[in-house]
Amino acid sequence: MVEWLKLVDKARSRSIWMLMYCTGCGAMELPPAMTSRFDMERFGIMPMATPRQADVILVTGYVTKKTLKRIIYAYEQMPAPKWVVSHGSCPINGGVYWDSHATVNRLDLFLPVDLYVAGCMPRAEANMKMFTELMDMIAKGEARGWEEYVKNRDYYKENQRKLFGYDLVFTDGRSAL
Amino acid sequence: MGAKFLGALVLTLKVLIYLFLMVMIGLFLMGIYRKFTARVQYRVGPPIWQPYIDVIKLLSKKDAATKNWVFDLGVIMGLGGPLALLLFLPLDTIVGLNFHTKGDLILILYLAVVGPLGFALAASVGASPWGAIGVGRALSMMLGYELPFILGLLAVVAKDGTLLLQKVSAAQSMWNPAGWHYFQWPLILAAIGAHIALQGVMSEKPFDQAIAPHEIASGIMVEFGGKYLGMMLLMKAASLMAELGLFAVFFLGGTTAWDTIVKIFALFIIAISFDAVLGRFRPDQAFTVLWKWPTIIALLGLLLTVFA
């Protein structure tokens, strides 16, 4: 059974389908990582069109209150196991927008971030490093953010409620969007 | 009683092994597709066994976002259609089955639409507007490619005077191209028409409007994730084998399993060569093109076969 799980983890690490939530400029360096110069498909990494098909969500740029709602909805639609990458300075500590009235400085208060890539913006080399790192973490079974989100649901939901002033999903099941 | 039961058990096992083998070969074809496309784009590309990894990953997902029982049923129908179709192709001699002697064109044409219809059924209860657009496109494309494809097959039926697949392949030589329907006048016209339509049947470019990921967020696939998407990959693999196998039997003299598989690989390489360099038509353009050029060519082939 353990061997079988190792095989599954290996398969997960070699087939990462990503959802790029391009909130800002950070996604600018992803096309070079995708195309013939760095070619991330060597590792089975592909961009996907919808959250349902994706394994990892890249939050590439500053996060505002408005976009954070969409990011949380997209994340909750993804089938587990799933991972979050905080990509660039802005979702880590606010970056150049750190004192703006509209931005949310720390993404990891609201979603379980598995990996951070610093840089403004991270170059294609940093992106490839990020992907290989994420692959290693998944293959070893270390990237467990999706379990943390379920385990510490109260913590994350409380933070989200404090920020928005209301629950993202009302008690009767309607969404707040 | 015991012997009868044992016989049924062996038959079931053979069918399962056969279908498993076909799906595995289909996934291998998809691996070739991804490697080939990457090389055309001057990339290294994923390893050739990448689709197997993808299927393992998708089937091992923990969540399965379903809508209702129609969604589940549609996915099962989508996978079952091409698997049933595969049973009636001469590929089944690979494990010593002989269902293909009973397969005729009418049965196969009915089975061929079960898969896409199940897919469309599941996608249309998926409640995503992109999915609805994708279903509309898929069904209109089906109308578009079925006409030239069936006209092409009918020309062969008119020439050989039989609907049975076994007799159609017996009327051709196995390896000598001069004995194939593809290279006989006037059937070559029907073959060319059906071959263009085959690109639509496989929904490769320029006829991949229904799953256009860049325009409509992968269209009919939009609500499928995890295990459902894994089933869809298996369905794609099975239908690749079924569609290409059908064409190989009718035009390239596919008689037994092994030569049909070789011909399937050749046909697939031709199809993905076009796929790698062509763009995508708009839905209305694709429909016009399909009902104009392949239909006219295939109809001409049919008429010449019947009257000349």
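Q: How are helix α3 (residues 69-87) and helix α9 (residues 227-251) of chain B placed in this predicted model?
A: The two helices pack with their axes 9 Å apart, at an angle of about 25°.

Q: Why is α3(B) called roughly parallel to α9(B)?
A: The label applies to angles under 35 degrees. The angle here is about 25°, so α3(B) counts as roughly parallel to α9(B). Their crossing is left-handed.

Q: Which residues meet where α3(B) and α9(B) touch?
A: From α3(B) come V75(B), G78(B), L79(B), P82(B), L83(B), L85(B) and L86(B). Facing them in α9(B) are Y228(B), M231(B), L234(B), M235(B), A238(B), S239(B), M241(B) and A242(B). By class, this contact has 13 nonpolar residues, two polar and no charged.

Q: What makes Q199(B) a buried residue?
A: A residue needs 20 or more other C-beta atoms within 10 Å to be called buried. Q199(B) has 21, so it qualifies as buried.

Q: Where does Q199(B) lie, and which residues is it in contact with beyond its neighbours within four places in sequence?
A: Q199(B) belongs to helix α7 (residues 187-201) of chain B. Its contacts, with those neighbours set aside, are E204(B), F207(B), A271(B) and F274(B). As for I133(B), 66 residues away in sequence, its C-alpha lies 21 Å from that of Q199(B).

Q: Now to chain A: what is the strand order of its open sheet of five strands?
A: The order is β2-β1-β3-β5-β7, with parallel pairing.

Q: Why are β2 (46-47) and β7 (115-117) of chain A called edge strands?
A: Each of these two strands pairs on one side only, and that makes them the edges.

Q: How do you know that strand β5 (residues 83-87) of chain A pairs with β7(A)?
A: Pairing takes at least two bridges. Three bridges join β5(A) to β7(A), so the two strands count as paired, and they run parallel. For V85(A), the bridge partner in β7(A) is L115(A).

Q: Which strands does helix α5 (residues 124-140) of chain A lie across?
A: Helix α5(A) lies across β3 (56-60), β5 and β7 of chain A, and runs at about 170° to β7(A).

Q: How many residues does each chain bring to the contact between A and B?
A: Chain A gives 17 residues and chain B gives 27. On the chain A side, six are nonpolar, five polar and six charged.

Notes. Residues numbered from 1 in each chain as written. Chains lettered and ligands numbered in written order. Predicted model: local features only at pLDDT ≥ 70, side-chain atom pairs only at ≥ 80, totals over all residues. Contact = placed C-beta atoms within 7 Å. Nonpolar A, V, L, I, M, F, W, Y, C, P; charged D, E, K, R; others polar. Axes fitted to C-alpha atoms, helices over the stretch in contact; angles between N-to-C directions. Parallel < 35°, antiparallel > 145°, perpendicular 65-115°, else oblique. Left-handed = near helix turned anticlockwise from the far one by under 90°. Buried ≥ 20, exposed ≤ 12 C-beta atoms within 10 Å, placed from the backbone.
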